[in-house]
Amino acid sequence: MANFSGHWVNENDSQSLTLDLVEDGAHLTGNYCFITNNGNRIDCSEGNDRNINGIIKNNIGVVDFESTFGGIGQATISIERDMLKYTITNSTPFVNANMFVSEVILFKKSVQVSVKESSAHKKYDADIIIRSATGGSLIFSQKKSGGHYDENSHGNAWGKIVFSSKNYSADLSWDDRYYVENGSSELSPSGRYLIVISVSGGFVEFGDGTSEYKDRAYCSVVDMSNGCIVSDWDGWACSYTWTGGKDVLASSEEADADIFDFKSARPAINKMISKLSLLDTTEARNMLRCDAPSRENINKYQQLARENKDNRKIVQNAILSFLYNCKEESLINKKASLFSAPDNSSQTKSYLIPGDVFNVFISSQT
């Protein structure tokens, strides 16, 4: 007789798949959390919501699964030699989300580590997930242990953090840092912001041939609505906390306490004073999350695409996505030439003819 109830896991370096199933007579329910594509695709139920529902017939579970990306798929479940075999018979939600999930997955039963949970925090086996009312989640994975990791983080060190929402997922990790989190960090009063603690360290060599390990702690404020790293500081700012029931970081609850204006540090492409060609990929991706292409900054992003060849593709894709979603349309009623710049000397060989429809995203008087 099959026993489907329990916590089932399938993990490797590129993915973390978990099932939590409850068998009740001929009914089978539960939830799943699939993290794939090296952390870039995350499909996990909200809180304790059940996203698996089905029946058991002849020791085979036949279930529907509801993806957070939208859509419902189907799978069959069976037990073979103490392993749970999960066979996906309709993978449409994963295909539409560009999420790679094998057709047949083998799970082993695991005893889930219990932690204090709230509506904002949940732990899936080795990973910690912090959820926000804005719809975003931050996943801490790739647990670190031993040596300086245990000394500085008390066993709560992680090598990777990934932001996830229904729209997209983004790796927020820095290669030279690890992240400290035990699942108890508090979101800002509105639920929009989260303080993330990270540590960067290494050995310093001295002239006498000896070396000593040195590290530095950083505190980053993450916008949980889009994954933007709003600010990234070390030192005194890391001791500040959410104060007064508002999204305000202060040194204490006192009226004359120092305030850390983290929002003023939010990256904005129009405020950049350094050369755009010097922006690295991590910075460019964060800029696009913090300050998405719009009518106000499209010219600056076009400049970034021209001057920064390393990030040209991701910037051009963001620009095209913005243009595609522009809703204001206009109809051509006579042949019109196209220009590469707003002056008469920049006329190209291309043109529009009567009946052509185009999107308008910036207009000006001539």
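Modeller: A salt bridge, as used here, is a side-chain nitrogen of Lys or Arg within 4 Å of a carboxyl oxygen of Asp or Glu. By that rule, the structure holds seven of them. Keep in mind that this is a predicted model, where local features need pLDDT of at least 70 and side-chain atom pairs count only at pLDDT 80 or more, while totals for chains, interfaces and linings use all residues. Residues are numbered from 1 along each chain as its sequence is written, and side-chain values use heavy atoms, leaving out hydrogens and water.

Colleague: What makes lysine 85 and glutamate 80 a salt bridge?

Modeller: Their closest N and O atoms are 3.9 Å apart, which is within the 4 Å limit, so the pair counts.

Colleague: And why is lysine 85 called partly exposed?

Modeller: Buried means under 20% relative accessible area, exposed means over 50%, and partly exposed is in between (1.4 Å probe, protein chains only). Lysine 85 has 26%, so it falls in between. Glutamate 80 has 42%, so it is partly exposed too.

Colleague: Is arginine 177 buried or exposed?

Modeller: At 11% relative accessibility arginine 177 is under 20%, so it counts as buried. Aspartate 232, at 31%, is partly exposed.

Colleague: What links arginine 216 in strand β17 to aspartate 234 in strand β18?

Modeller: A salt bridge, with the closest N and O atoms 3.3 Å apart. The pair spans 18 residues, from β17 (residues 211-223) to β18. Arginine 216 is partly exposed at 47%, and aspartate 234 is partly exposed at 26%. Salt bridges also link Arg192, Asp223 and Arg266 in a network.

Colleague: What makes the charged end of arginine 177 sit over the ring of tryptophan 174?

Modeller: The rule asks for NZ of Lys or CZ of Arg within 6 Å of the ring centre and within 35 degrees of the ring normal. The charged end of arginine 177 is 5.1 Å from the centre of the tryptophan 174 ring. Lysine 143 does likewise over the ring of tryptophan 158, at 4.4 Å from the centre.

Colleague: How many aromatic pairs are there in the whole structure?

Modeller: The search finds 13 aromatic pairs. In tyrosine 32 and phenylalanine 34, the ring centres are 4.8 Å apart and the planes are at 55°. Rings of Phe, Tyr and Trp (its six-membered ring) pair if their centres lie within 6.5 Å; planes under 30 degrees apart are stacked, over 60 edge-to-face, and the rest tilted, so this pair is tilted.

Colleague: Why is the pair of tyrosine 86 and phenylalanine 107 called edge-to-face?

Modeller: The planes are 85° apart, over the limit of 60, and the centres are 6.1 Å apart, so the pair qualifies as edge-to-face. Tyrosine 86 lies in strand β8 (residues 83-90) and phenylalanine 107 in strand β9 (residues 104-110), so the pair ties together parts 21 residues apart in sequence.

Colleague: Which residues of the largest nonpolar core touch the most other members?

Modeller: Leu19, Leu21, Phe34, Leu84, Tyr86 and Phe107, out of 24 residues. Such a core is a set of buried Ala, Val, Leu, Ile, Met, Phe, Trp, Tyr and Cys residues joined through side-chain atoms within 4.5 Å.

Colleague: Why is methionine 99 called buried?

Modeller: Methionine 99 has 6% relative accessibility, under the 20% limit, so it counts as buried. Its place is in the loop between α1 (92-96) and β9. Beyond residues up to four places away in sequence, methionine 99 touches (heavy atoms within 4.5 Å) Phe34, Thr36, Asn37, Arg41, Asp43, Phe69 and Phe94.

Colleague: What puts the buried residues of α4 on the same side?

Modeller: Ile298, Tyr301, Leu304 and Ala305 are the buried residues of helix α4 (residues 298-307). They cover an arc of only 115° around the axis, which puts them on the same side; the arc is that of directions from the helix axis to the C-beta atoms. The face turned away carries the exposed residues Asn299 and Arg306.

Key
Helices (H or I, at least four residues) and strands (E, at least two) are DSSP runs, numbered from the N terminus.
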